[in-house]
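Q: I would like to go through the terms used for this fold, one by one, and see what each rests on. Please set the values beside the cut-offs.

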Amino acid sequence: MKKIIAVLSLLMLTSFAVFAQADLQVIAVVKINKNESITLKQLKTLCVGYTKQLGRTLKVEEKKQVLDGLIEEKLIVQSAIKAGISIPDSYVDQAFMQNVSQSFGVNVTEKELEEYLRKTQNKSVEDVLVETTGMGKAEYKSYLKNQILKQQYLVQQNQKKIQEIAATDEEIRMAYESNKSSFVLPDQMKIFLVIVPKGDNPDSAKLKIGDLFNKYKDKKLTAEQITVQSQNEGSGYNAGQMLLPKTENSSTGLSLSYKEWSNCFDQGEGFVHDVYETANDFRFLAVMKKYDAKMLSISDVVQPETTVTVYDYIRSNLTQQKQQIYLKQLEAELGKSLHTAENVEMKKSGAALDKLLDWENN
């Protein structure tokens, strides 16, 4: 019996090694700036992502298109590097967090995101990325870096033309009319928030928040004065003003129940909420200004206490969309022009490539 198990284990290890070796097969070599191999594994990873998006297995012809896209991406990236463009890892990390935070609806650091996902989904960032994109964190960051390199190179080479692209007045007004119902300003409040972390001495923190609360309520210190003093080294507290909508997300972020948050709206300007305790700190808030919900005209500002109008907002977004479409066209044209026998050595082609790409049936 032990012999049979040993033989079966050996066969499984051998099979795994064969599959692993097959995945490392080089399909093509890109050689503008250096010799860079494209392996079957790299292609499979990208195809997994498309399969998840489409909800079906890709056909061989579709896999060829993905392969062409991968080759052309590397051609442009190598051209960008050859032109002297470089992207620091810190910039990639920042872009990674912006992308991922937007996807999950939380604006946090990488560490905080890990904790958030562990708490809400019992998963790591790595787990979620693999599930949604087919790529691990390192692969996704590498992919993101290439996207940034490509864009910066294309912008550098076509800066004047891109700057000339802009949304027209007619396009802006048509966009407003067709989306008028979505331009709504929700109920919002500008609040003044003071937070004293408990740290190693909760009793001291409680005394400090009480002192600040009393001085503010008795008008001995203004919100501006408390905010300025909070920036002094060793102040032991944080203070500032923020504009928040009347939503459950806002109440959760403030560690208040939605009923308490709604009550702040009902009380209106000048209301000061009593000191309350959270797991990590003591805090209080005051209502500075209240803004009622309203439909926005094209000349209204999109956010109170700002100068950006709905017209400006639409113009900016439409202009970015038009520029992105132009950049995609440029990318496709440049990729095709670089995809030559001189720049790309295909290791697999014809029937051999078709067979390799039909990995589900091999």
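A: The model is predicted. A place to begin is strand E4 (residues 188-197), which pairs with E5 in the antiparallel sense over 8 bridges.

Q: How do you know that E4 and E5 count as paired?
A: Two strands pair if there are at least two bridges between them. E4 and E5 have 8 bridges, so they count as a pair. Among the residues involved, Ile-191 has Met-242 in E5 as its bridge partner.

Q: Which helix packs on this sheet and touches E4, E5 and E7?
A: Helix H13 (residues 258-267) does, and its direction makes about 125 degrees with that of E4. Helix H11 (residues 223-230) also lies across E4, E5 and strand E7 (281-291), running at about 125 degrees to E5.

Q: What is the strand order of the open sheet of 4 strands?
A: The order is E5-E4-E7-E6, with antiparallel pairing.

Q: Why are strands E5 and E6 said to stand at the edges?
A: Strand E5 (238-245) and strand E6 (276-277) each have a single partner strand, so one side of each has no neighbour in the sheet.

Q: Why is the pair of Tyr-140 and Tyr-143 called tilted?
A: The ring centres are 6.1 Å apart and the planes stand at 45 degrees. Tyr-140 and Tyr-143 are 3 residues apart in helix H7 (residues 137-157), which puts about one helical turn between them.

Q: Why is Tyr-140 described as buried, and how is Tyr-143 described?
A: Buried means under 20% relative accessible area, and exposed means over 50%. Tyr-140 has 13%, so it counts as buried. Tyr-143 has 31%, and is therefore partly exposed.

Q: What makes Tyr-216 and Phe-284 a tilted pair?
A: Their ring centres are 6.1 Å apart and their planes are at 40 degrees, so this pair is tilted. Tyr-216 lies in helix H10 (residues 202-217) and Phe-284 in strand E7, so the pair ties together parts that are 68 residues apart in sequence. Tyr-216 counts as buried at 16% relative accessibility, and Phe-284 is buried at 0%. Ring pairs link Tyr-216 and Phe-284 with Phe-192 and Phe-213 into a cluster.

Q: How do you know that Lys-63 lies over the face of Trp-359?
A: The distance from Lys-63 to the ring centre is 3.8 Å. The rule asks for NZ of Lys within 6 Å of the ring centre and within 35 degrees of the ring normal. Lys-141 likewise lies over the face of Phe-96, at 5.0 Å from the ring centre.

Technical notes: Residues are numbered from 1 along each chain as its sequence is written. This is a predicted model: local features need pLDDT of at least 70, side-chain atom pairs count only at pLDDT 80 or more; totals for chains, interfaces and linings use all residues. Side-chain values use heavy atoms; hydrogens and water are left out. Helices (H or I, at least four residues) and strands (E, at least two) are DSSP runs, numbered from the N terminus. Contact means heavy atoms within 4.5 Å. Axes are lines fitted to C-alpha atoms, for helices over the stretch in contact, and angles run from 0 to 180 degrees between N-to-C directions. Rings of Phe, Tyr and Trp (its six-membered ring) pair if their centres lie within 6.5 Å; planes under 30 degrees apart count as stacked, over 60 as edge-to-face and the rest as tilted. Buried means under 20% relative accessible area, exposed over 50%, partly exposed in between (1.4 Å probe, protein chains only).
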